[in-house]
Amino acid sequence: MAYSAKVMDHFQNPRNVGKIEDASGVGEVGNAKCGDIMKIYLKIENDVIVDVKFNTFGCASAIATSSMATELIKGKPVSEALTLTNKAVVEALDGLPPVKIHCSVLAEEAVKAAIKDYYDRNGIEYDAELFGESGCSNCCHCD
Amino acid sequence: MRVYADNAATTPISEHAKAEMIKYMDAEYENASSLHSFGQSAAAALAEARERIGKCIGADAGEIYFTSGGSEADNQAIISAAHFGAKKNKKHIISTKIEHHAVLHTLDRLKKEGYEVTLLDVDENGLITAEQVREALREDTCLVTVMFANNEIGTIMPIAEIGAICREKKIPFHTDAVQAAGHLHIDVKAMNIDMLSISAHKFHGPKGIGALYCRRGAYIEAIISGGAQEKGKRAGTENLPAIMGMAAALEDAVASIDENAEKLCKMRDKLICELSKIEKTIVNGDRVKRLPGNVNMCFQGIEGESLLLMLDMYGIAASSGSACTSGSLDPSHVLLALGLPHAVAHGSLRLSLSEYTTEAEVDHIIECVPKVVERLREMSPVWERILRGEEIL
C-alpha cells in the first residue's frame, strides 16, 4: 500500500491543526475503537468559514484527509462547505488506497457535523437529510 | 541516520550466508537428486547441511526436512498431526490465542474439517503455563502446538515444561520456533519437542527457506506431492543455495548466541527504560521471559500507522500492531489477547533489534520516538480526553 505524494505531504505537514476556543461549530466523528477520530472546529462569520482547525487520532490517511478537508472549506460559504464530498477530498489528495477510503468519508462527515452544530447553536433551520447518520459507515465496530 | 529496527519481520542476510549461496548458485549448481558425480557432490553438501542444522537444535540429520519457510513447516506439522489423530478418532488440538497466523489460520481450516481447537488464553504478560496445557488435554487430543517465542511481544513460552507433559501423555507436541531459532537455546531432545518449525530469514539467512524438525518416529506426511525428495515428505528439487545459506547463518547465530543475547538484552532494556519515560505508555509482554531483541509498547492517544510513518521520516524502520498496519479492521490479535482495549492496541510500536544494531542507532530511536509521540498527541482528540481523565475503550 503506497500513499500519493500529496497524502504524504498533508500527513507530514498537516494544515490547520489545532483548536478554536470560541468556535461557532464543532463536529466529532469516528471512535477510538476503530482507530479513527476526527474533530473539526469552525469559526463562521456572516455565513462564511473564516477559520477552521482540526484534531485527529488515526492513521496517516486520516490525518491527511482531515488536513485536505479543512483546506477545501476554508474561506468558503457554509452552503458551499456543505457540498464537500469524500470523493472531492480523495481527488484533491491524488487518490487513496481502497482500504483508506473510509477516512475520506469521516472527513466529509466531520465537516458536516461541525456545520450541523453551528446550525443547532444558532437555531438555523436545515434539512435533516443533509446530514444523515454520522459514523464511519463501513467499519465493523460501528453500531 | 537510517535505523533498521524491524528484524522480527526479516533480517538482513549475513555476508557468510550470502557467500555460501553464491557458491552453490555458481560453481555447484547441480541437482542433488542426480545420479552423476556432479549431482553427488550437491547431495553430499545437502547431507552435510542437514547435519549442521540438526546439530544447532539438538536433532539428528535424519530428522530435518527442508521447507519453503516457517509457514510451510507449521502447516505441514499441524496438518500431519491432525490427519494422524483422525485415524484414531482424535480430533482435538490445543494451541494459544497468540500464535502466528501460519498456525491460527491452519487451525481455522481444520476446524472447518471437523476438528475441535482449544486456544489457551495468555495472561496479561502474554504467557501461558504448562499447567494450562495439562488442564486442556483430553482423551481425543491429537496435537499441542505452542509457539516458542512470540513474534510481536517477544514472550518466551515454557516449552520444556509443556514438552514434558506432552511426552508423559504421549501427545505430539509442535512448536513454531521461527522467532526463537538462532536467538534462544533449543534442544529438541531435552525439551521433548516432536516437531519444530524454523525460517532462515529470521536469523540472517535467505528468504524462502526453512525447516521442519520431526522427531524420528513422529508422523509427518507430505503436503506437496511429487518427487521423492526429503524422504518423500516434501517434493520439489532442493533449494541448495538457500539451504547452504541457512546452514551457515544458523551455525553463526548459534555460535554467538549468548554473546548476542547479552548485547541485545542491554539495548532492549535501555530502549524499554527510556521510552517508558513517555507518559501513558504500556510495555507489552513479559519483561524477563522475552526475546533479547524485542521491544513492544503502546503509546496511548495515538495510532500506530502514523507513528510508523513519522518514524520512517526520521529514518527508523519499525512495526505496529494497529489495524491500519495489519490490513484489517482490528488491531493485532496478540495485543487484544493481552486484554488491551482496542484504542490502546491501535497505538502499538514494535522495535526488533539484531546483533547488527548499534548503540548509536538505539540512541537515535530514543531521541526520535518521544518527538513523534508528542507531535501526534498534540493533534489527537483522544489524547485530550485521556488528559481529562476519561476512560478510552
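Predicted model: local features only at pLDDT ≥ 70, side-chain atom pairs only at ≥ 80, totals over all residues.
Q: Let's begin with the chain A sheet. What is the order of its strands, and how do they pair?

A: The general idea is that strands of a sheet pair through backbone hydrogen bonds, either parallel or antiparallel. Here you have an open sheet of three strands in chain A, in the order S1-S2-S3, and the pairing is antiparallel. S1 (25-31) and S3 of chain A stand at the edges with a single partner strand each, so one side of each has no neighbour in the sheet. On average, neighbouring strands of this sheet are turned by 15° against each other, direction ignored.

Q: How many bridges hold S2(A) and S3(A) together, and which residue of S3(A) stands opposite Lys43(A)?

A: S2(A) and S3(A) pair over nine bridges, in the antiparallel sense. Opposite Lys43(A) you'll find Asp51(A), in S3(A).

Q: Which strands does H2(A) lie across, and which does H5(A) lie across?

A: H2(A) lies across S2 and S3 of chain A and runs at about 175° to S3(A). H5 of chain A (residues 101-121) lies across S1 and S2 of chain A, running at about 145° to S1(A).

Q: Now the contact between the chains. How many residues does each chain give?

A: Interface size is often given as the accessible area lost when the parts come together, but let's go by residues. Chain A gives 20 residues to the contact and chain B gives 22. On the chain A side, the elements that give two or more residues are helix H1 (5-12), strand S2 (36-45), strand S3 (48-57) and helix H2 (60-73). S3(A) gives the most, with three residues. By class, the chain A side that touches chain B has twelve nonpolar, five polar and three charged residues.

Q: Over to chain B. How is chain B divided?

A: Chain B has domain 1 (15-255) and domain 2 (257-387), and the C-alpha centres of these two domains of chain B lie 29 Å apart. Their contact takes 19 residues from domain 1 of chain B and 18 residues from domain 2 of chain B. The side of domain 1 of chain B that touches domain 2 of chain B has eight nonpolar, eight polar and three charged residues.

Q: Which strands pair with S3(B)?

A: S3(B) (residues 92-96) is mostly covered, with four of its five residues buried. Three bridges join S3(B) to S5(B) (residues 141-145), and these strands run parallel. Ile94(B) stands opposite Val144(B) in S5(B). S3(B) also pairs with S4(B) (residues 116-120), in the parallel sense over five bridges. There, the bridge partner of Ile93(B) is Val117(B) in S4(B).

Note on methods. Residues numbered from 1 in each chain as written. Chains lettered and ligands numbered in written order. Contact = placed C-beta atoms within 7 Å. Nonpolar A, V, L, I, M, F, W, Y, C, P; charged D, E, K, R; others polar. Pairing = 2+ DSSP bridges. Axes fitted to C-alpha atoms, helices over the stretch in contact; angles between N-to-C directions. Domains from an automatic or database assignment. Buried ≥ 20, exposed ≤ 12 C-beta atoms within 10 Å, placed from the backbone.
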